[in-house]
Amino acid sequence: MAVSGYKLYSKKENVAAYFSQDILYHWKELSPEEMKKMFAPKFKVGFFMSTVLVECQRYLPWLTGRFIRKGGKLVDRKVESLQQFAGRYDVVVNCCGLGARELLADDVIRPLRGQVIRVKAPWIKHFYSTDTDCYIYPGVDTVVLGGVKQLDNFNLEVDPGDKAKIKKNCTELVPSLKDAEFLCDWVGLRPLREPLRLEREDMKFGDRYLKVVHNYGHGQSGVGLSWGTAVEATKLVQEALGPKTVSKL
């Protein structure tokens, strides 16, 4: 969905690292007067911009349906080793995320823990995103309040301290959120690999071979990078399969 909102920075030097105006529909820098009137003094620089917001609760089922309609099949099964695919498939695309720690003995992939609060606040029409891990994202029916980025934290339980911090930061940024109806908490682990792994590997298991395309480790940028890395992964699959091969997907 198209959405407009504010990107705020507590440090001026962070602007170059986080801000990419060339991929936005519209943007403008807020004047010092606007910053002083609208936001706390800790924020030094701000922009108003228009972009795209993706709600994964809607987006992922849509993608799954698209995959199935084009002939794809879903199988729920634990993969103990890629060896079990050798000799059975022409190529395997590996998107196992944190599972690469066990499946591939990849010690570069790490968990980046996130925690958010989902509330009912229909009056929130703009998003607010900061360089302090505080963000407010309005969706179709709910608003997401966040968040945390905790490297190497495997905890999947709601942390009361994190929840209190999120509520405090978000209500300080937008005081009207104090009246929002609480819906639920959410905790998840983002698979972070620096750099992310996007490459082809030809594996050998005894006298059997397996062509593998790895595509994992996107961290908190999974949705934003997904289409681009999928295009590159598809090229690697076509390369592995050789000429005159047309995918139905």
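**Residues 26-235**

I looked up the span of residues 26-235 and found its end C-alpha atoms 32 Å apart, with 25% of the span in helix and 37% in strand. Helices here are DSSP runs of H or I of at least four residues, strands are runs of E of at least two, and both are numbered from the N terminus. UniProt lists this span for "domain: FAD dependent oxidoreductase", in an unreviewed entry. I note that UniProt positions are given in the numbering used here, that feature names are shortened, and that annotations may be inferred rather than shown by experiment.

The model is predicted: local features need pLDDT of at least 70, side-chain atom pairs count only at pLDDT 80 or more, and totals for chains, interfaces and linings use all residues. Residues are numbered from 1 along each chain as its sequence is written, and side-chain values use heavy atoms, with hydrogens and water left out.

**The whole chain**

I counted 6 helices and 11 strands in the chain. The C-alpha trace spans about 70 × 40 × 35 Å along its principal axes. Of the 249 residues, 38% count as buried; buried means under 20% relative accessible area, exposed over 50%, and partly exposed in between (1.4 Å probe, protein chains only). I then looked at contacts, meaning heavy atoms within 4.5 Å. Among those with a separation of 6 or more, 71% are between residues 24 or more positions apart.

**Helix α3**

I checked the length of α3, residues 56-69. The expected span of a helix is 1.5 Å times one less than its number of residues. Just after α3, G71 has a positive phi of about 105 degrees.

**Cysteines**

A disulfide is a covalent bond between the sulfur atoms of two cysteines. I searched the whole structure with a cut-off of 2.5 Å between the sulfur atoms and found 0 disulfides. C170 is in no disulfide, and its nearest cysteine sulfur, that of C134, is 4.0 Å away. C170 is buried, because its relative accessibility is 0%. For C96 the closest cysteine sulfur is in C95, at 8.0 Å, so it is too far for a bond. C96 is partly exposed at 26%.

**Aromatic rings**

I searched for rings of Phe, Tyr and Trp (its six-membered ring) with centres within 6.5 Å; planes under 30 degrees apart count as stacked, over 60 as edge-to-face and the rest as tilted. The search finds 10 aromatic pairs in the whole structure. Y6 and Y128 are a stacked pair, because their ring centres are 5.4 Å apart and their planes are at 25 degrees. Y6 is in strand β1 (residues 2-9) and Y128 in strand β6 (residues 127-130), so I wrote down a link between distant parts of the chain, 122 residues apart. Both Y6 and Y128 are buried. Y6, F39, F48 and Y128 form one aromatic cluster.

I found N215 in strand β11. N215 is buried, with a relative accessible area of 10%. Leaving out residues up to four places away in sequence, N215 touches N94, C95, R197, L198, T229, A230 and A233.

Q220 is in the loop between β11 (208-218) and α6 (222-241). Q220 is partly exposed at 47% relative accessible area. The C-alpha atoms of Q220 and R190 are 5.9 Å apart, although the two residues are 30 residues apart in sequence.
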